[in-house]
Amino acid sequence: MEKRCLACDILSGEKELPGGFLHQTGLWSLESCVGPFPVGTLLLKPIRHVLNFSQLTAEETEEFGPLLQRAAAIIKELTECDQTYICQWSHAGWEPVHIHFVIQPVWNSQKGQFEKPGPSLQADLFAKQEFPGKEEIADFAERVRSRMGESR
């Protein structure tokens, strides 16, 4: 039996995406993150099924930087975060999966809730398994869409 790809299932509409698609080019999709991250965390992924950054085409690579910078700037503006983490994720267990970039707002005020920033913060968020509400995600998604200038 062929393994399913969650990223591809979301792109095809087979899996629900809270907040919907925020922006798409012919090569990239910007979406709300479906993990236990705070509202404002976005995900940028190639539309084509790619398992490794080195497999991106020159055209995909050219589009990547400006899209990533724009998404991070919008997150900073809308959330008034102190920092924006950008992390490439590409494993489910030890199996390579469709690469994606998590763009996460982080606030210094989180210091009271979590011991360490960086990867430790992300691990702690996964351990807590607290997911934002769909309404909050939808509201933030609409604000991002209006700044990106298009919706799907």
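**Reading helix packing and cores in a predicted model**

Q: Why do H2 and H4 count as oblique to each other?

A: Two packed helices are described by the angle between their axes and the distance between the axes. In this predicted model, the axes of helix H2 (residues 58–79) and helix H4 (residues 134–148) cross at roughly 130°. Angles of 65 to 115 degrees count as roughly perpendicular and those over 145 as roughly antiparallel. H2 and H4 are therefore oblique to each other.

Q: Within what distance do the axes of H2 and H4 come?

A: They come within 11 Å. The crossing of H2 and H4 is right-handed.

Q: Which residues make the contact?

A: H2 supplies Leu 67, Arg 70, Ile 74, Glu 77, Leu 78 and Thr 79. From H4 come Phe 140, Arg 143, Val 144, Arg 147 and Met 148. By class, the residues of this contact are 6 nonpolar, 1 polar and 4 charged.

Q: Which residues touch the most other members of the largest nonpolar core?

A: This core has 24 residues, and those touching the most other members are Trp 28, Leu 30, Leu 42, Leu 44, Ile 103 and Val 144. Strand E2 (28–32), strand E3 (42–46), H2, strand E5 (95–106) and H4 each give two or more residues to this core. The largest share, 8 residues, comes from H2. Another core lies apart from it, with 10 residues, among them Cys 33, Leu 43, Val 102 and Phe 114.

Q: What does Leu 44 touch?

A: Not counting residues up to four places away in sequence, Leu 44 touches Trp 28, Ser 29, Leu 30, Phe 64, Leu 67, Leu 68, His 100, Phe 101 and Ile 103.

Q: Is Leu 68 buried or exposed?

A: A residue counts as buried under 20% relative accessible area. Leu 68, which is found in helix H2, is at 11% relative accessibility and therefore counts as buried. Leaving aside neighbours within four places in sequence, Leu 68 is in contact with Leu 44, Ile 86 and Ile 103. Leu 68 and Phe 101 are 33 residues apart in sequence, while their C-alpha atoms are 8.6 Å apart in space.

Q: Where is the place of Gln 110?

A: Gln 110 is in the loop between E5 and helix H3 (119–128). At 10% relative accessibility, Gln 110 counts as buried. Residues up to four places away in sequence aside, Gln 110 touches Pro 105 and Leu 121.

How values were computed. Residues are numbered from 1 along each chain as its sequence is written. This is a predicted model: local features need pLDDT of at least 70, side-chain atom pairs count only at pLDDT 80 or more; totals for chains, interfaces and linings use all residues. Side-chain values use heavy atoms; hydrogens and water are left out. Axes are lines fitted to C-alpha atoms, for helices over the stretch in contact, and angles run from 0 to 180 degrees between N-to-C directions. Helices (H or I, at least four residues) and strands (E, at least two) are DSSP runs, numbered from the N terminus. Angles under 35 degrees count as roughly parallel, over 145 as roughly antiparallel, 65 to 115 as roughly perpendicular and the rest as oblique. A crossing is left-handed if the near helix is turned anticlockwise from the far one by less than a right angle, and right-handed if clockwise. Contact means heavy atoms within 4.5 Å. Ala, Val, Leu, Ile, Met, Phe, Trp, Tyr, Cys and Pro count as nonpolar, Asp, Glu, Lys and Arg as charged, and the others, Gly among them, as polar. Buried means under 20% relative accessible area, exposed over 50%, partly exposed in between (1.4 Å probe, protein chains only). A nonpolar core is a set of buried Ala, Val, Leu, Ile, Met, Phe, Trp, Tyr and Cys residues joined through side-chain atoms within 4.5 Å.
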